[in-house]
Amino acid sequence: MRQLLTRVFGSRNERIVRGWARYVRSANQFEPALKPLTDEALKAKTEEFRKRLAEGASLDDLLPEAFAVVREAAQRTLGMRHFDVQLIGGIALHKGMIAEMRTGEGKTLMATLPTYLNALPGKGVHIVTVNEYLAARDADWMGPVYRFLGLSVGVIKNSQSSSEKRAAYACDITYGTNNEFGFDYLRDNLAYRLEERVQRELTFAVVDEVDSILIDEARTPLIISGPAEESTELYLRINELVPRLTRQAEENGAGDFAVDEKTKQAHITESGHEHVEQLMLQLGLLKDGESLYDPANIRLMHHLNAALRAHAIYKRDVEYIVRGGEVIIVDEFTGRTMPGRRWSDGLHQAVEAKEGVKVREENQTVASITFQNFFRLYKKLSGMTGTADTEAPEFLQIYGLEVVVIPTHRPMIRKDNPDFVYLTQKDKYEAIIEDIRDCVTRGQPVLVGTTSIETSELLSGLLQKEGLPHEVLNAKQHEREAHVVAQAGRRPASPSRPTWPAAARTSCSAAISRPSSRRPPRAMTSSAKASAPDGRRAMTRCSRPAACTSSAPSATSRAASITSCAAAPDARAIRGPAASTCRWRTT
């Protein structure tokens, strides 16, 4: 019966989209009247809207005309006109929902519609991105639309002073990262005087890549810490002890300590307890007759656990990198380095001791909040992404956000094919190289995404060995990111030179830029744990979508989609959607 009713009346998503069609028709009807207006007359619409709000009109009353005004302003300043489906997406955001739009459908431009409308009351709108690169880029890109209409635009960055941040938050529209918005909230709660606070009321937020921020990172704590009065000497002495311990190869097997990879914890075994006490006696950390578990020695256990985690779980070029004599954390979700951020509970000091760099004083937590709790403080919250429908129940249960799937402007030509699974790394890498060579022959761009810096550099070595030019984009090359992305997907000077994109879900408009030299493009390998400008793994659009074709796996064709599969750990890869770009992901 339910299926019959759905066929007759449509799904809830279809009914919502159909219901909003009246707003779209109304906005389209305003367009002929707005075209002849001068720039000054169009800009004056903002004050007109604010006056109507003061007289009792609601934002919903203004929606059709406001959207039409933004569309006209975008056409005059950017040369881009919002499609009707982007208006529908804008309505979803204004209603406090999540708009799922396919990659390339113009989410950044679409967000200008509800942002302008909700900025009219003058209480501020926050546009949340996953990194500062995207925050600055989107503010520069969309800023002309807002400024043309008389609104101010600000960007918050980690390096700014309190006065600079206060000025950015005072703007009608503020761009920034989820981390920075959260940390500024914590700092404001630690301020002694009201005038020291930088944020205003948390009124309305549009979260880009909402599934990454509100689901993947939901329980990630933001922590502000202060120095603890404790010497760093003990970290160095414990660090000498840990390499002399052995790890359990299997549960309840021989070994001094066991590791729980899921919770990222390490624990001393019963046999290891005696061995550790003997080693500590030799190092003078324990006295005869003392036990490691005596109340007076609880600090030793704290340092030992931190050192075990640093040596057994946290790997260089995966969880962190070492640059300039400092241990810099690599964000596990965005793959970007986080200078100035430190692990708590002595873990960062233990990693510093392991790497032989200067060990800084341990910190203690003075303020903390999770992303989940922070974003629930907003009076109205919305988001956009290309992959939200699969997490729709979680969004609804945790945040009260409904997901609306926005139809594409044109019919989809991409084919999402079945998976290939390889049993060994050797077979997987051989298949990747062979498939890349085939794509290069056909002039098809390729993006290879990995889950660590190590793997991206391993693949880079294999490509060099095969004589395939390419670019590597990970946390170690973050300074070159803008240049690499800008040259992604360019046609080579001759058919023999390959062209592989490095966009990693950065807007392809970057590829429109014209370099000063006619340098042919190269291939690119991207670390998903240390690469993508907005954190989503191995996703890109290429500048030549019509050139790519693919078919399902068969006895005569292997040009199929190869996607990650948990059943084959450490032997996973993707070659992705036809009519887009060849994509691989490896772990």
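At 46% relative accessibility, glutamate 261 counts as partly exposed, a class that runs between buried (under 20% relative accessible area) and exposed (over 50%), with a 1.4 Å probe and protein chains only. Glutamate 261 sits in the loop between E7 and E8; strands (E, at least two residues) and helices (H or I, at least four) are DSSP runs numbered from the N terminus. The model is a predicted one, in which local features need pLDDT of at least 70 and side-chain atom pairs count only at pLDDT 80 or more, while totals for chains, interfaces and linings use all residues. Residues are numbered from 1 along each chain as its sequence is written, and side-chain values use heavy atoms, with hydrogens and water left out.

The loop between E7 and E8 also holds lysine 264, which is partly exposed at a relative accessible area of 23%. Lysine 264 has a phi near 55°, a positive value in a residue other than glycine. Most residues other than glycine have a negative phi. Another positive phi, near 50°, is found at glutamate 209, in the loop between strand E5 (204-208) and helix H13 (210-216). Glutamate 209 is buried, with a relative accessible area of 3%.

From glutamate 261 the view leads on to helix H16. Glutamate 261 and alanine 312 are 51 residues apart in sequence, yet their C-alpha atoms are 9.4 Å apart in space. Alanine 312 is one of the buried residues of H16, which also include Leu300, Met301, His303 and Leu304. The cover over the buried residues of H16 includes helix H14 (233-241), strand E7 (257-260), strand E8 (265-268), helix H15 (270-283) and H17. The 15 residues of H16 reach 21 Å from first C-alpha to last, close to the 21 Å expected at 1.5 Å a residue, where the expected span is 1.5 Å times one less than the number of residues.

H16 (298-312) also gives two or more residues to the lining of the second largest pocket, as do helix H12 (178-190), strand E6 (221-227), strand E10 (326-330) and helix H17 (347-355). The largest share of this lining, five residues, comes from E6. The space in the second largest pocket is about 1,200 Å³. Of its 42 lining residues, Pro221, Ile329, Arg342, Trp343 and Ser344 are the closest to the centre. By class, the lining divides into 16 nonpolar, 13 polar and 13 charged residues.

Across the chain, which has 22 helices and 18 strands, buried residues make up 53% of the 587 residues. The largest nonpolar core has 56 residues, of which Trp20, Tyr116, Leu117, Leu149, Tyr175 and Val404 touch the most other members. Helix H6 (residues 59-77) supplies the largest share of this core, 10 residues. Apart from this core lies another, of 34 residues, among them Ala205, Ala218, Leu222 and Tyr378. In soluble globular proteins, nonpolar side chains tend to be buried together. Leaving out residues up to four places away in sequence, tryptophan 20 touches Ile88, Ile91, Ala92, Lys95, Met97 and Val404.

Ala218 is also in contact with glutamine 372, as are Arg219, Ile398 and Tyr399, leaving aside neighbours within four places in sequence; contact means heavy atoms within 4.5 Å. Glutamine 372 is found in helix H18 (residues 371-375) and is buried, with a relative accessible area of 15%.

Notes:
On a 1 Å grid over the protein atoms alone, a cavity is a set of points where a 1.4 Å probe fits but cannot get out, and a pocket is an open set with protein on both sides within 12 Å along at least five of seven lines; lining residues have an atom within 4 Å of a point. Grid points are joined across faces, edges and corners, and a volume is the space filled by probe spheres set on the points. Ala, Val, Leu, Ile, Met, Phe, Trp, Tyr, Cys and Pro count as nonpolar, Asp, Glu, Lys and Arg as charged, and the others, Gly among them, as polar. A nonpolar core is a set of buried Ala, Val, Leu, Ile, Met, Phe, Trp, Tyr and Cys residues joined through side-chain atoms within 4.5 Å.
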